[in-house]
Amino acid sequence: MSHHFYYLLGRFNPTETPLMSKKVITREEWERKLKEVKIRKEDMNKLVMNFLVTEGYVEAAEKFRIESGTEPDIDLGTITDRMAVKQALQSGNVEDAIEKVNDLNPTILDTNPQLYFHLQQQRLIELIRSGKIEEALEFAQEELAPRGEENESFLEELEKTVSLLVFEDVKNCPYGDLLDVSQRLKTASELNAAILTSQSHEKDPKLPSLLKMLIWAQNQLDEKAVYPKINNLTAAALEDPEI
């Protein structure tokens, strides 16, 4: 999609229009220009497969492989293992997630101290969430404090996490969002990216990046012309320009 806009940005030069006005591009002209841009179906299929693999939709990826003949760049069997790790972490079972990722590839955590610290930090958060205060303090002192002494950023994150124990009502704690489900998802996403990197696969799907490029291209073209644009990315439908 972004290729369409890069092409069109070049075709509609702002020097062709008066200084204080914009070129008006009709739907007919716009669609004609879009049809001139050729995108191979194989490239679109690879884009879809990349998204399914990266996001962990193993059944959909297998079905799409059969229907389109598009081969994934990794073994689909590894997706199931990766999603099991991610699901364990999203459920708050950090120890199980660590065990699973070590079974999958023990070098991932050995070579990524920041990720390992965040996993242990998440384990501390889960202890606090469960009300296991004494166990949480002991765990923080034995497992996380030594790492904080070696790394200032780790120490800062540890202090924020331990501050949850000071407040009877965590809603009053400035770092209460650490107990939100979003924190689990953040840590799970970091671990998922590390696993993908270890498998020589992109850690992020390409499709969202292309959508961001589409938005950027439209914003650039807005300064030069009035044209049919996509306002709803979900519907992906062209809307006539307001003149």
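This report walks through a predicted protein model, from its overall build to a few single residues.

## Ground rules

Because the model is predicted, local features need pLDDT of at least 70 and side-chain atom pairs count only at pLDDT 80 or more, while totals for chains, interfaces and linings use all residues. Residues are numbered from 1 along each chain as its sequence is written, and side-chain values use heavy atoms, with hydrogens and water left out.

## The whole chain

Let's start with the big picture. The protein chain has twelve helices and four strands; these are DSSP runs (helices: H or I, at least four residues; strands: E, at least two), numbered from the N terminus. Its radius of gyration is 24 Å, well over the 18 Å that the globule rule gives for 243 residues, so the chain is more spread out than a compact globule. That radius is taken over C-alpha atoms, and the rule is 2.2 Å times the number of residues to the power 0.38. Along its principal axes, the C-alpha trace spans about 70 × 45 × 30 Å.

How much of the chain is buried? Buried residues make up 37% of the 243, where buried means under 20% relative accessible area, exposed over 50%, and partly exposed in between (1.4 Å probe, protein chains only).

## Helix α11

Helix α11 covers residues 181–198, which is 18 residues. From its first C-alpha to its last it reaches 26 Å, close to the 26 Å expected at 1.5 Å a residue (the expected span is 1.5 Å times one less than the number of residues).

Its buried residues include Gln183, Arg184, Leu191 and Ile195. What do the buried residues of α11 pack against? Their partners are α3 (41–55), α5 (77–90), α6 (94–104), α7 (107–110) and α8 (113–129). After α11 comes Ser200, whose phi is positive, near 60 degrees.

Most residues other than glycine have a negative phi. Ala236 has a positive one, near 55 degrees, and is not a glycine. You'll find Ala236 in the loop between β3 (229–230) and β4 (238–239), where its relative accessible area of 45% makes it partly exposed.

Leu155 sits in helix α10 (residues 152–162). Leu155 and Leu144 are eleven residues apart in sequence and 8.3 Å apart in space, C-alpha to C-alpha.

How values were computed. Contact = heavy atoms within 4.5 Å.
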